[in-house]
Structure formats: C-alpha cells, structure tokens
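Work through the exercises below with the sequence and the structure at hand. Each task is followed by its solution.

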Amino acid sequence: EQIKKSGITFKEFSNDYTVQGTQKVISEIGKLLGEETKAQAMVQSIDNKIAAAKTITQSFKKKPRILFIYARGARMLNISGHTTSAHAMIELAGGENAFGDIKGFKPMTSEAVVAAAPDAILMLARGVDSIGGDNKILELPGIALTPAGKNKNLIVMDDLKLLGFGPRLGDAVLELTQALKKQTDNLAQN
C-alpha cells in the first residue's frame, strides 16, 4: 500500500497455473519494460519446450502416477492435490497426480501413500534437504511400500523452477517429462 501511495509505478500480475497464464504475464512484463522482443522469445521458448515434452509423452504406455510431497522437515509432510502448481506441472509433464482427487495440500499419511501406489515420487530440492537428503526419501512413511519406493523412482527438482510458473516453465516441464520417460523406460527394461 505504501508503494502504491508513493507515486512509483506499481503493477500487480496474477498468474494461474497454466502455460497461457505464464506467457501472458511474461508478455505483459515485456511490454511494460519495453522488451517485447525478449518477452516474445521467452514465450516461444516455452512453446517449443512444451511441444518437445508432448512428443516424449506420446511414448508413454500409460500415464505415470506421481506423488508430489511438500516437505519442510520430517514432521511436516504434505501431499499435493488439484488446484496446486505441483498438480499442474505433473499434468503438463504427461503424468497423473496420485492425489488428484483431493483439493490443495493435505497432511501425508503412510496409509494414503501406500493406497495411492505412485510410480514416482516428486519432491523439491529444499524439501529433500530439510529431511536430511535423497537417501532419506525412502524412509518417509509408506514410501518404501509403493511401486515408486520399491523401484527407487525419485525425482528431485529445484523449487522455483518446478513450481514458479515463470520464464523457466518450459525447462521445468521438459525436465520433469524427461525424468518420467527415463523411469518408465527403466521399468520396461526390468
């Protein structure tokens, strides 16, 4: 409120968890800064990487079930349902959210995790650090009893890259899609 009252140019942007929403914000910021050409290049890069990701997902025999765990220490573990940026990213990468039938974030229970039977576990790098590192993921409640745990299908990504829905959106979708492809290929070989 103080910045608005100061007379400094102030612009708020809202963004939904969609490719189009992200591209719209990038275009608006580019226009505001007089950098439309750079903004358009970012928008085009996102389109190109999303298209590359879609090409990869066409090889999936079935959508991999992904469990996204939001962790801030071993005692604060939440699963992600729909209406979250994690859910949107999972779908953009060709996966199925193992908890897509719930809304928002909910506390994680071992029973729910085992019943969801995810093919892969997706976590944020800072969340993994907060539980003690990659080697601690399989020790989380119920994880070792899931297909993802048994096959050690764990994907760890940069927090803001994965959930930021910003200029790196295309990179994030492509990275996640490639990780899912690698894991589905490994399962097919075993």
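**Exercise 1.** State how many helices and strands the protein has, and how much of the chain is buried.

Solution. The model is a predicted one. Its secondary structure consists of nine helices and six strands. The protein has 190 residues, and 42% of them count as buried, where buried means under 20% relative accessible area.

**Exercise 2.** Find the pairing partners of strand 2 and the sense of each pairing.

Solution. Begin with strand 1 (residues 65-71): strand 2 pairs with it in the antiparallel sense, over three bridges.

**Exercise 3.** Decide whether the two faces of strand 2 (residues 77-80) are covered or open.

Solution. First sort the side chains by face. In a regular strand they alternate between the two faces of the sheet. Leu77 and Ile79 are on one side of strand 2, and Asn78 and Ser80 are on the other. Then check burial: all four residues are buried, so both faces are covered.

**Exercise 4.** Determine what share of the contacts with a separation of 6 or more joins residues 24 or more positions apart.

Solution. Among contacts in the protein with a separation of 6 or more, such residues account for 68%.

Definitions and conventions. Residues are numbered from 1 along each chain as its sequence is written. This is a predicted model: local features need pLDDT of at least 70, side-chain atom pairs count only at pLDDT 80 or more; totals for chains, interfaces and linings use all residues. Side-chain values use heavy atoms; hydrogens and water are left out. Buried means under 20% relative accessible area, exposed over 50%, partly exposed in between (1.4 Å probe, protein chains only). Two strands pair if DSSP finds at least two bridges between them. Contact means heavy atoms within 4.5 Å.
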